[in-house]
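Here are a few exercises to work through with the structure open beside you. Try each task before reading its solution.

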Amino acid sequence: MWIRQWVRWQLNYRFSSAAGVRDWSYWLDTFNVAHGPVAPDVFLSEPTFLVDERGPVR
């Protein structure tokens with residue numbers, strides 16, 4: 001029996017240089033997490049749960 005439930009967790013970050021000389025850079029991390037025996041194509045479907053911790057970058 002395959003488990004078809006999984007979580008997509010998204011976070012973003014904004015970084016700038018300590019002296020403020022350079023422009024800022026932006027990162028978006030996305031983690032797809034499942035536990036147990038999952039089907040090989042489980043991450044091709046829509047996530048069962050979405051944890052969206054993206055914040056404003058301005």
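A salt bridge here is a side-chain nitrogen of Lys or Arg within 4 Å of a carboxyl oxygen of Asp or Glu. Keep in mind that this is a predicted model. The chain averages a pLDDT of 87, and 91% of the residues score at least 70.

**Exercise 1: salt bridges**

Find how many salt bridges the whole structure holds, and work out where the partners sit.

Solution. 
- Step 1. A search of the whole structure turns up two salt bridges.
- Step 2. Start with Asp41 and Arg4, whose side chains meet at 3.3 Å, N to O. That falls inside the 4 Å cut-off, so the pair counts as a salt bridge.
- Step 3. Now place the two partners: Asp41 is in the loop between S2 and S3, while Arg4 is in the segment before S1. The two are 37 residues apart, so this bridge links distant parts of the chain.
- Step 4. Check accessibility: Asp41 has a relative accessible area of 37% and Arg4 one of 42%. Asp41 is partly exposed, and Arg4 is partly exposed too.
- Step 5. Then there's Arg54 with Asp52, where the closest N and O atoms are 2.8 Å apart. Arg54 is partly exposed at 43%, and Asp52 is partly exposed at 40%.

**Exercise 2: aromatic pairs**

Look at the rings of Trp6 and Phe43 and say what kind of aromatic pair they form.

Solution. 
- Step 1. The whole structure has three aromatic pairs, according to the search.
- Step 2. For Trp6 and Phe43, the ring centres are 5.0 Å apart and the planes make an angle of 90°. Planes over 60 degrees apart count as edge-to-face, so that's the label for Trp6 and Phe43.
- Step 3. Trp6 comes from the segment before strand S1 (7–15), and Phe43 from the loop between strand S2 (25–33) and strand S3 (49–53). This pair also spans 37 residues and links distant parts of the chain.
- Step 4. Tyr13 lies in strand S1 and Trp27 in strand S2, so the pair ties together parts that are 14 residues apart in sequence. Tyr13 is partly exposed at 31%, and Trp27 is partly exposed at 49%.

**Exercise 3: how S1 pairs**

Work out in which sense S1 pairs with S2 and with S3.

Solution. 
- Step 1. S1 and S2 run antiparallel, with nine bridges between them. To see this, find Arg14, which stands opposite Tyr26 in S2.
- Step 2. S1 and S3 pair in the parallel sense, over five bridges. Here, look for Arg8, opposite Leu50 in S3.
- Step 3. Check confidence: the mean is lowest in S1, at 92, and highest in S3, at 96.

**Exercise 4: the surroundings of Asn12**

Decide whether Asn12 is buried or exposed, and find which residues it touches.

Solution. 
- Step 1. Asn12 lies in strand S1.
- Step 2. Its relative accessibility is 15%, so Asn12 counts as buried.
- Step 3. Leaving out residues up to four places away in sequence, Asn12 touches Tyr26, Trp27, Leu28, Glu53, Arg54, Gly55 and Val57.
- Step 4. Zoom in on Gly55: its backbone nitrogen lies 2.8 Å from a polar atom of the Asn12 side chain.

Notes
Residues are numbered from 1 along each chain as its sequence is written. This is a predicted model: local features need pLDDT of at least 70, side-chain atom pairs count only at pLDDT 80 or more; totals for chains, interfaces and linings use all residues. Side-chain values use heavy atoms; hydrogens and water are left out. Rings of Phe, Tyr and Trp (its six-membered ring) pair if their centres lie within 6.5 Å; planes under 30 degrees apart count as stacked, over 60 as edge-to-face and the rest as tilted. Helices (H or I, at least four residues) and strands (E, at least two) are DSSP runs, numbered from the N terminus. Buried means under 20% relative accessible area, exposed over 50%, partly exposed in between (1.4 Å probe, protein chains only). pLDDT is the predictor's confidence in each residue, from 0 to 100. Two strands pair if DSSP finds at least two bridges between them. A polar contact is a pair of N or O atoms within 3.5 Å; within protein, one must be able to donate a hydrogen and the other to accept it, and residues adjacent in sequence count only if both atoms are side-chain atoms. Contact means heavy atoms within 4.5 Å.
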